[in-house]
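Please look at the structure below with its charged side chains displayed. The text that follows goes through some of the contacts between them and the strand pairing around one of the partners.

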Amino acid sequence: MHHTFRRAALAVALLTAAAVQAAPAPVAVYQFGNTLGSSVGGAPALEAVDPLSLGGFVTDTVNGSLTTVYTFGGTGSPTDAQGGLSLDVSTLLAGHEDQYSVEIVFKFTERDNGWRRIIDVQDRQSDNGFYVDPNNRLSIFPVSSGNAFETDVYHDVFLVNDQGTATYYLDDGDATVSTTRVMDIDASGRMNFFLDNVVAGGQGEYSSGSVALIRIYDSALTAPPPPIPEPATWALLACGLGLVAARARSRR
C-alpha cells in the first residue's frame, strides 16, 4: 500500500509539473508584492495613476489566502481624478497589437449596476473597451456581454484578442466570443487598467478596487492559463521530482 500511494503521488506531481512546463510563458507578470515591477525580466513596470493619492499596497484575502494587493481609488468625474494603472506595451507586445492575452485577478468595490472600465487600449480616447456593464456582466462595448460579475469579490478575468476575435472568461465560466477589433492596441502602445476615456461620450465609467495579479502574453491563448502555483505546491513538486531522481539513482 505504501508503494502504491507513493507511485500515485509521484504520478500526480509529475503530471502537474508537466502541465506547468507546458504552459505558455507570459511576457510580463505583476503580483503586487509591494512593487509594480514585473517578475519577468525585461518587462516594464506598471505606472500608477493616482491623482488623489489613494493607491497603495495592502493585505487582503484573495481566494481564501492573505495576499498583498494594489488598491486603486478615485472618482469617475472629473476624469483626471480616476486612479488605476498604465503600462507601456509598445515593446512588450510589438508586432502583437492585435494578438495577445491578458489575465487579471481583481475586484471592483463600488458602482453596482454601472459601467466600469477594466481595460482600455485606445489611450483613453474612446468609449470602446472592456468593461463590467450595468447588468453587472463582463462586456466589450459596444459589441457583447458575458458572464455575471459580483462587486467586492475577487474575480479571475481572462481576455484573448486574436486578429478580429475577442474571447473573454470570468472565473471558471464559459467563454464569450465576439467578432471585433475594439481591443486592438492603438499607436500609443499603451494598455490602461481601470481608467476610463477622457474624451468623447460615456466618460466617468469608473470604480475603485484592488488588483492581485496581471499576466500578459504575446500570443492568443486557446484557454485560460493554469494558476501560479503557491509555494507549497512548488515544494510538493520539488519533493516528487527529487524522489524520482533518487529512485533512478538507486537502480544504477
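In this predicted model, the side chains of Lys-107 and Asp-152 form a salt bridge, with an N to O distance of 3.8 Å. The two residues come from distant parts of the chain, 45 residues apart: Lys-107 belongs to strand β6, whereas Asp-152 sits in the loop between β10 (144–148) and β11. Asp-152 has a relative accessible area of 46%, so it counts as partly exposed. Lys-107 counts as buried because its relative accessibility is 11%, and the limit for buried is under 20%.

Lys-107 also meets the side chain of Asp-60 in a salt bridge, here at 3.0 Å from N to O. This pair too links distant parts of the chain, since Asp-60 is in strand β3 (residues 56–62) and Lys-107 in strand β6, 47 residues apart. Side chains of opposite charge can pair when their charged atoms come close. Through shared partners, the salt bridges join Asp-60, Lys-107 and Asp-152 into one network.

Strand β11 (residues 155–162) pairs with β6 in the antiparallel sense, over 8 bridges. Strand β15 (residues 209–217) also runs antiparallel to β6 and is joined to it by 8 bridges.

The structure has 7 salt bridges in total. Another of them joins Arg-117 to Asp-196, whose closest N and O atoms are 3.0 Å apart. Arg-117 lies in strand β7 (residues 116–120) and Asp-196 in the loop between β14 (190–193) and β15, so this contact ties together parts that are 79 residues apart in sequence.

Definitions and conventions. Residues are numbered from 1 along each chain as its sequence is written. This is a predicted model: local features need pLDDT of at least 70, side-chain atom pairs count only at pLDDT 80 or more; totals for chains, interfaces and linings use all residues. Side-chain values use heavy atoms; hydrogens and water are left out. Two strands pair if DSSP finds at least two bridges between them. Helices (H or I, at least four residues) and strands (E, at least two) are DSSP runs, numbered from the N terminus. A salt bridge is a side-chain nitrogen of Lys or Arg within 4 Å of a carboxyl oxygen of Asp or Glu. Buried means under 20% relative accessible area, exposed over 50%, partly exposed in between (1.4 Å probe, protein chains only).
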